[in-house]
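Q: I would like to learn how to read a ligand site and a sheet from coordinates. Could we work through one example together?

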Amino acid sequence: MNDIDSELVRRVVVRFRESFPGEAPRVAVAPGRVNLIGEHTDYNDGFVLPMAIARHAMVAFRPRADGVLRAHSIAYGETKEAAAGSLAAPGGHDWFAYVAGVVWAFASEGLPVGGLDVVLDGDVPIGAGLSSSAALEMATARALCAAAGVPWDAVRMAKLGQTAENRYVGMNCGIMDQFASAACEAGSALLLDCRSLETRAVPVPPGVAVVVMDTGARRTLAASAYNERRASCERVVAEIARANPAVQALRDVSASDLEAAKAGLDETDVKRASHVVAEIARPAALAAALAEGDLVKAGRLMKDSHVSLRDLYEVSCEELDLVTSLARRQPSCYGARMTGAGFGGCAIALVDASDVDAFCEEVLFGYKATFDLPAALYPCRPVAGAHLLE
Ligand code: GLA
């Protein structure tokens, strides 16, 4: 409970009782995330290393007997409703679609969905690349499981959330964000194999802080650029698979395979794929560096990842490049990189825990001298995935 803002919990319960008088609601919460390394690798069957952070989506809920899904969003000041059993994909992109999409995905899998009153709130900033949508999906899934008496299965629910987002909302994301929000453990990042969905908890060493550096820049063309990157990866796989049908994803491609296939491929596609092929190896390398306490090596891996995302995958932007280079100039910083899809949003830095306040102040000061944006820097700790508040 310490990780959850109790004022927010109070607010969501009070609003629920005002909006939907009757019995007290229960509350489901699910966290946002940062990804320590392994960017744009999840949809290539690769590895990622996300960590859930103490920013949560909250869903106050109470079952209804009549099959109606009624939802109120505190952030948007709106109430919407639909018949829970007759939702159809695609269902739009607004806040309600993330809730309705999970209900739709439950029903499509044959899981029981009854009616539900819900009030949504949370403190994951929207559009900052900290996975506010995955958090909302997983908090909704947690609420639906509790309401219908379905046992919580984090892996199944992460997949179901991804299906909701891919098919109901129409955003072609990988599995990382929903998985992190559903399955992370307190104190650790999660090394996830996006092919087998096997995981290993990777403790974040004491004495080191992960600092979120929100650039305040919000990009609107991110979805189409994301889909273009995915298409590049798929074209490279299709070409290499013509000679070697065992190749199903960039996970199965080595740097020398890529080099050998280069002549038959578009130059930009090769750049994109070379980022992914190298990045797929970085999560395990960073996990090992953290386990050994080799923070210098950890920092180097983070820098390599950022440079590759900037120059090869081309998903960084001036704001992310500036904030990460300001961070690296601080003596207490081991490394920094953009996190999430890119094109704005957040970067992260690995910082000596004893110097976090000075670090945040210095970097913010330098950043504000160039960009007049609502930037924010704050340390975060690894928290647990989706759960119910008792
Ligand atoms: C977004 C997507 C994830 C992942 C990252 C990039 O956060 O939702 O599935 O692809 O971008 O690593």
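This is a predicted model: local features need pLDDT of at least 70, side-chain atom pairs count only at pLDDT 80 or more; totals for chains, interfaces and linings use all residues.

Q: Which atom of histidine 40, backbone or side-chain, lies 2.7 Å from an oxygen atom of the ligand?
A: A polar contact is a pair of N or O atoms within 3.5 Å. Here a backbone N or O atom of histidine 40 is found 2.7 Å from a ligand oxygen atom. Side chains contribute as well: aspartate 177 places a polar side-chain atom 2.6 Å from an oxygen atom of the ligand, and tyrosine 226 places a polar side-chain atom 2.6 Å from an oxygen atom of the ligand.

Q: How much of the ligand does the protein bury?
A: The ligand taken alone exposes 300 Å², of which the protein buries 94%.

Q: What residues form the shell around the ligand, by class?
A: The shell comprises 5 nonpolar, 2 polar and 4 charged residues. Among the residues around the ligand are Arg33, Glu39, Asp42, Cys173 and Met176.

Q: What is the strand order of the open sheet?
A: The order is 10-11-9-12, and the pairing of these 4 strands is antiparallel. Strand 10 (333–338) and strand 12 (376–380) are the edges; each has a single partner strand, so one side of each lacks a neighbour in the sheet. On average, neighbouring strands are turned by 20° against each other, direction ignored.

Q: Over how many bridges do strand 9 and strand 11 pair?
A: Strand 9 (residues 208–214) and strand 11 (residues 346–352) are joined in the antiparallel sense over 7 bridges. Within this pairing, alanine 209 faces valine 351 of strand 11.

Methods:
Residues are numbered from 1 along each chain as its sequence is written. Side-chain values use heavy atoms; hydrogens and water are left out. Two strands pair if DSSP finds at least two bridges between them. Helices (H or I, at least four residues) and strands (E, at least two) are DSSP runs, numbered from the N terminus. Axes are lines fitted to C-alpha atoms, for helices over the stretch in contact, and angles run from 0 to 180 degrees between N-to-C directions. A residue is near a molecule or strand if one of its heavy atoms lies within 4 Å of it. A polar contact is a pair of N or O atoms within 3.5 Å; within protein, one must be able to donate a hydrogen and the other to accept it, and residues adjacent in sequence count only if both atoms are side-chain atoms. Accessible areas come from the Shrake-Rupley method with a 1.4 Å probe; for residues, only the protein chains shown count as cover. Ala, Val, Leu, Ile, Met, Phe, Trp, Tyr, Cys and Pro count as nonpolar, Asp, Glu, Lys and Arg as charged, and the others, Gly among them, as polar.
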